[in-house]
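Thank you all for making the time this morning. I would like to walk through one model with you, residue by residue in places, and then turn to where its chains meet.

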Amino acid sequence: MAAYRISPALQRVLHAVKHAAFRSRCCIIVSRAQYSTVYDHNEKTFDKILIANRGEIACRVMKTCKKMGIKTVAVHSDVDANAVHVKMADEAVCVGPAPTSKSYLNMDAIMNAIRQTGAQAVHPGYGFLSENKEFAKRLAAEGVSFIGPDTHAIQAMGDKIESKLIAKAAKVNTIPGFDGVVKDADEAVRIANEIGYPVMIKASAGGGGKGMRIAWNDEETREGFRFSSQEAASSFGDDRLLIEKFIDNPRHIEIQVLADKHGNALWLNERECSIQRRNQKVVEEAPSTFLDPETRRAMGEQAVSLAKAVNYSSAGTVEFLVDSRKNFYFLEMNTRLQVEHPITECITGLDLVQQMIRIAKGFPLQHTQAEIPINGWAIESRVYAEDPYKSFGLPSIGRLSQYQEPLNLHNVRVDSGIEEGSDISIYYDPMISKLVTYGATRAEALKKMEDALDNYVIRGVTHNIPLLREIIVHPRFISGDISTKFLPEVYPEGFKGHQLTATGRKELLATAASLFVAAQLRAQKFLGDLRVSNTQQERRSWELCVELEKGVHMLGVSRSGFMTFILKVEIDGDKLEVSSDWNLASPLLTVTLNGIHRTLQCLSRNAAGEISLQYLGTTFKLRVLSKLAAALSVHMPEKVPEDTSSILRSPMPGTVVAVSVKAGDTVAEGQEICVIEAMKMQNSMTAAKTAKVRSVHCKPGETVGEGDLLVELE
Amino acid sequence: MAALAAVRRCRVLLHGAVKSSFRGSPSQPRSYSAGRLSVQERIERKRQAALVGGGQKRIDAQHGRGKLTARERVALLLDPDSFVEYDAFVEHRCSDFGMEADHNKFPGDSVVTGQGRINGRLVYVFSQDFTVFGGSLSGAHAQKICKIMDQAMLVGAPVIGLNDSGGARIQEGVESLAGYADIFLRNVMASGVVPQISLIMGPCAGGAVYSPALTDFTFMVKDTSYLFITGPDVVKSVTNEDVTQEELGGAKTHTAVSGVAHKAFENDIDALLNLREFFNFLPLSNKDPSPVTECHDPSDRLVPGLDTLVPLESTKAYDMLDVIHSIVDERDFFEIMPNYAKNIVVGFARMNGRTVGIVGNQPKVASGCLDINSSVKGARFVRFCDAFNVPIITFVDVPGFLPGTAQEYGGIIRHGAKLLYAFAEATVPKITIITRKAYGGAYDVMSSKHLRGDVNYAWPSAEVAVMGAKGAVQIIFRGKNNQADAEAEYVEKFANPFPAAVRGFVDDIVVPSTTRRRICRDLEVLATKKQTNPWKKHANVPLAGKKGRGRR
């Protein structure tokens, strides 16, 4: 198989992609031959597929459908009526109001949409109904194909206890532990001692870190049992728990499998997903730096044997924990298309959605195991609308007032379901996009990721690019020394943004000063105005004072030549030459500093000399003043900022779930005051000091915005 | 006017040879003759004295209050080395109460005047000096201001006043009052001829407040500036109200409650730097065209986000500022009165480099309805633009005028008429975009085709109708059944741009994302527009009194 040779069909697609009208509608732009698979239009496939999902994954599925000549049906909630996935689809059906339980999880409405549009198959994407056996059953009852495994496999792999038993039987390495349901705390302690500490207690029906506790001794085991069963009961309506050995400091590596309805199965190599926060993946890559070919094959073969054990058909993912000695243990199997599937597509050349559709239609696999390559390296960054400075990411919402994906770069793929003007709302996952870069080597892919993140323009919502940009250049990440604890270990005090080096500081100062000068010069350019002074000399040098992170620097800037726009900046005896096109309208600011190219972003700039620059992912606030203004600013009154310790504001938009205090109560420092739920996460708001409650400004059930006043203390 | 609480009697100091950082005249070789100072030496001494105003101690006190001196302000406001001072040798002429004594004379008196450049363009400036008699206004002080105003009128250049004055020079009595009146007269004569801007940087009380009130724009500095007719002490003695200076006439009061000031800034430096930025938007006089600066933002830039901005439900709000920011050059919008009557948004921006005035209903606040305050705010802004050749772009999403007794008793009829009058009278290029609702009389008012709108567009989401469907159906089909069906029919008929488009009341229905491109092209076409109103002595805009007291 000749990977990456551009087929004529693909060439047509690429041509279409270059067409502007198509580009504005299409969420995934291919800047290289991404798939080596051939779209055989003679292969009889479905005529029409309904995509029971939203956002980027709905767009992703539709893109392949279009290539295969399949008509698409979108479903959407009423707030999503203008969403990209709706515009992309051939037909769209509204399935209910904004809350997911009433729309994207509303099986009745989705079944109606299927009947109404005559869709022959349903692709569920990920999340929502993708691993819902009830939904798969209802589709089967109406003769509609479910593009995914059959009900039996979903059920078997959906239950942690059952899946573990099946895995064991299929000779898959499993974590030492108790295979049955734990009756009570005493039994939990007995089992824990048998396995040996540390142990993990988790809900059988669980997922996403809920109902999970780690215990290092008997006492913690009893406590963990109690908490986990409560949480499991409230979150999943099922309090069954299991106990297993806790693998300390593990890596999370998963194997992509593909199986057809004829008993064939393949493993499509691994994805390294160890960089996580709160059990959610942030940066993924394929392949993993950690696996040698033997381990890879062993993991791949076990994954395939598990798939065969449950008669799996479609794409699936077998997740493993891998310890430092390359021992690997089965964690769980996801019976759907994974969020991070694009990196596997990049290194194998396979279009996984196409394969899923073919398999669902009953076609056998096109490839043999020997034909599955690892070509190059792919990295995926999950770009989220969240504030990385708050527990590595608390959701934020807003309207994308400006949005520009870095598609001007080669070997960059962006899977997104939003566009400029889209709203990131509290109702859905705050993911903006999946940014994937590809290279012949890991270093190449990482360099590309740096460029892509620097060129990604997102305005209107807080995003996690600062964190992503730091992770990919961290020495531990670059050396491949990572585990699921990477973030808390590298940033024990929480993420604080990029820490400037001496050179970085100078680059930043020089850029800000040069931008200031460029804006000053432009402000004097009145076109066709005869009344602008001719006697006033054009300025060629400036003495400026630049403030950055409480440090004040004196800079000399001089302009050389008449037509050229090269500025020489002097900082503390060092000289920097800064050149740029100084386009003051562009959100991107490309400068050359002493011959080194950098892409910065100017987030804001005002008359008072305040400039916000995004440099190496992190936003820095600077203030540039003339020497005179800086000298006089010592006289300006210091404005006292609001005392925030006595005021509790919502750190994010969400819903107030509970308020634990009332006016007049005395609260201790650290005591819970109220709970805000956002994006299905409960956040406990605590008092910053011991004080009496003056007033309460929120009540349970109320929706609050970021920065809204919740409670005032005295 | 004599009751100026803020005037603090200044102990007059004679200043020694204080070093100044400002450029004086080059020092001359000293030449003494017959024990008497040479003229050259006297000139030098006077100049030096003028530079330090009330002396170092008073300068330190001014700095201690978080304020800059009159000269420091001028230096920050104008381009480096561009200030040309007038009347540095003028002294007050009062001879009562010991004022004639040498130590009570200050070269230049309590104001610094002259001309200079802001980004190369001419401007006349006066800057009141609080260090000299508390910046109080003497006959000489007024005369200096009048001189530069007269010259500004002659050459056609804006006047910027930096106000920091305790009020009238009480020692001078009627001479001081006469000075105020002389300034007021010039303010009125210059109105509509050259732009006039006031920046209040300290106290401004009593009759003095009327000069800023007559100028086109009044800006304030937060925490250090006050504007009121009578100070808190007098208020207490007359009405028995307890009120602080800040509450009575601080920046917050005037930018959010009274609407006297158009914007406030953090401190002196912020204010002056912003004023430079603001000045760049303005034409120099009524004979100059709207300025055009170099623009890096492509005039044909599409704004895809606008196609989905207006919510599908007509009851849902959106932010008109999102529309404005994304359409204008470089998202650069200088909003005027951002904290007052927020249901209408006004301010300056540029389209392809050319200054334009933007007026927009704000659906986010009170559904964007027109009420007394928003009408007056809009009218004043439109009239400024028209007076100074600044094209007006109007974004319409208005459900109508705000109903209710408070509004009717307050005179919404005559106040609403001001906005109607302003739009109708304006002869500058007028471009109107109906983004959603244009209901009732408010449709007519908002720069409609009927009021000589040059180019009027509707977005596909536009609804031009007498009122919303529900209300209309209740009237048309009063007491009849099938109201729901009738409502649906009304929506079908009127809740779209066609009724207006088929009559030519909108020139085209445009895709929102192309709006910027359309406006830029239209402005180019309209640049040579010439339209005159019939000859009249002056028009009679429905000024009428202010809103009744106690009804807020």
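This is a predicted model: local features need pLDDT of at least 70, side-chain atom pairs count only at pLDDT 80 or more; totals for chains, interfaces and linings use all residues.

Ser579(A) sits in strand S26 of chain A, which covers residues 574-580, where helices (H or I, at least four residues) and strands (E, at least two) are DSSP runs numbered from the N terminus. At 27% relative accessibility this serine counts as partly exposed, given that buried means under 20% relative accessible area, exposed over 50%, and partly exposed in between, with a 1.4 Å probe and protein chains only. Ser579(A) and Leu567(A), twelve residues apart in sequence, have C-alpha atoms 6.5 Å apart in space.

Residues are numbered from 1 along each chain as its sequence is written, chains are lettered from A and ligands numbered from 1 in the order in which they are written, and side-chain values use heavy atoms, with hydrogens and water left out.

Let me move to the interface. Here 40 residues of chain A are in contact with 48 residues of chain B, contact meaning heavy atoms within 4.5 Å. The two chains bury about 3,700 Å² between them, 56% of it on carbon and sulfur atoms; buried area is the accessible area (1.4 Å probe) that two parts lose on being put together, summed over both. On the chain A side, Phe526(A), Arg531(A) and Met636(A) lose the most area to chain B, together 18% of what that side buries.

How many salt bridges does the rule find across the interface of chain A and chain B? It finds seven, a salt bridge being a side-chain nitrogen of Lys or Arg within 4 Å of a carboxyl oxygen of Asp or Glu. Among them is the pair Arg522(A) and Glu330(B), whose closest N and O atoms are 2.8 Å apart. Helix H18 (502-523), strand S30 (618-626) and helix H19 (627-632) of chain A are the elements that give two or more residues to the side of chain A that touches chain B.

Ser285(B) lies in the loop between H10 and helix H11 (320-327) of chain B, and it is buried, with a relative accessible area of 4%. Its side chain makes a polar contact with the side chain of Asp288(B) at 2.7 Å; a polar contact is a pair of N or O atoms within 3.5 Å, where within protein one must be able to donate a hydrogen and the other to accept it, and residues adjacent in sequence count only if both atoms are side-chain atoms.

Asp371(B), in the loop between strand S12 (354-361) and helix H12 (372-387) of chain B, is also buried, at 14% relative accessibility, and its side chain makes a polar contact with that of Ser374(B) at 2.7 Å.

Finally, some backbone details: most residues other than glycine have a negative phi, and most peptide bonds are trans. Cis peptide bonds join Tyr197(A) to Pro198(A), with omega about -5°, and Ala286(A) to Pro287(A), with omega about -5°. Asn119(B), although not a glycine, has a positive phi of about 50°.
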